[in-house]
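Open the model in your viewer and keep the selection panel handy. We will go from stop to stop, with something to pick out at each one.

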Amino acid sequence: KMMLRLWASLLVFYGALAHPTLHKGFNPDIYTAKGQVPPFQSYHLHVMYISDSNDSKARAMRLRDGLISALSIQGNCTDLFNETDLCMYEVVEREGGIFVSGE
């Protein structure tokens, strides 16, 4: 029961932090007024791994490199939200970051 309450609390907390990304010049109200879901403006993903060893990190980096190759990503992202092409953020390593494992 306690674990269920913990997970529920975490989901509520995470939901409170979640928000849509609204790009400059994009008005989602045009779509929602018609009962339509606005098209994606951008998305991103994180490669998460258990940071318990150099092997875990190396496998995560190989996955990242594989995504770069498979998606033909040419450059690094320069903005958090207003990217117009596929890009990859540089790896930032930090202890005790905002995630519970390595990223």
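Are Cys 77 and Cys 87 buried or exposed? Select the two: Cys 77 is buried, and Cys 87 is buried too. Before you zoom in, keep in mind that this is a predicted model.

**Stop 1: the disulfide**

A disulfide joins Cys 77 to Cys 87, with 2.0 Å from S to S. The pair links distant parts of the chain, with Cys 77 and Cys 87 10 residues apart and each in the segment after helix H3 (54-70). Now look along the S-S bond: the torsion about the bond is about 95°, so the disulfide is right-handed. If you search for others, the count comes to 1 disulfide.

**Stop 2: a buried arginine**

Next, move to helix H3 and select Arg 64, which lies in that helix. Which side chain of opposite charge is nearest to Arg 64? That is Asp 65, 4.5 Å away. Arg 64 is buried yet has no salt bridge, because a salt bridge needs the charged nitrogen and the carboxyl oxygen to be within 4 Å. Then bring up the surroundings: leaving aside residues up to four places away in sequence, Arg 64 touches Met 88, Tyr 89, Glu 90 and Val 91.

**Stop 3: the aromatic pair**

Select Phe 26 and Tyr 31 and display their rings. The two form an aromatic pair that is stacked, at 6.1 Å centre to centre and with 25° between the planes. The count of aromatic pairs comes to 1. Tyr 31, at 28% relative accessibility, counts as partly exposed.

**Stop 4: a loop tyrosine**

Now pick Tyr 49, in the loop between helix H2 (29-32) and H3. Tyr 49 is buried, with a relative accessible area of 14%.

**Last stop: colour by confidence**

Finally, colour the chain by pLDDT. The chain averages 74, and 68% of the residues score at least 70. Which elements have the lowest and the highest mean pLDDT? Helix H1 (residues 2-17) has the lowest, at 56, while H2 has the highest, at 91.

Definitions and conventions:
Residues are numbered from 1 along each chain as its sequence is written. This is a predicted model: local features need pLDDT of at least 70, side-chain atom pairs count only at pLDDT 80 or more; totals for chains, interfaces and linings use all residues. Side-chain values use heavy atoms; hydrogens and water are left out. A disulfide is a pair of cysteine sulfur atoms within 2.5 Å. Helices (H or I, at least four residues) and strands (E, at least two) are DSSP runs, numbered from the N terminus. Buried means under 20% relative accessible area, exposed over 50%, partly exposed in between (1.4 Å probe, protein chains only). Rings of Phe, Tyr and Trp (its six-membered ring) pair if their centres lie within 6.5 Å; planes under 30 degrees apart count as stacked, over 60 as edge-to-face and the rest as tilted. pLDDT is the predictor's confidence in each residue, from 0 to 100. Lys and Arg count as positive and Asp and Glu as negative; His and the chain ends are not counted. Contact means heavy atoms within 4.5 Å.
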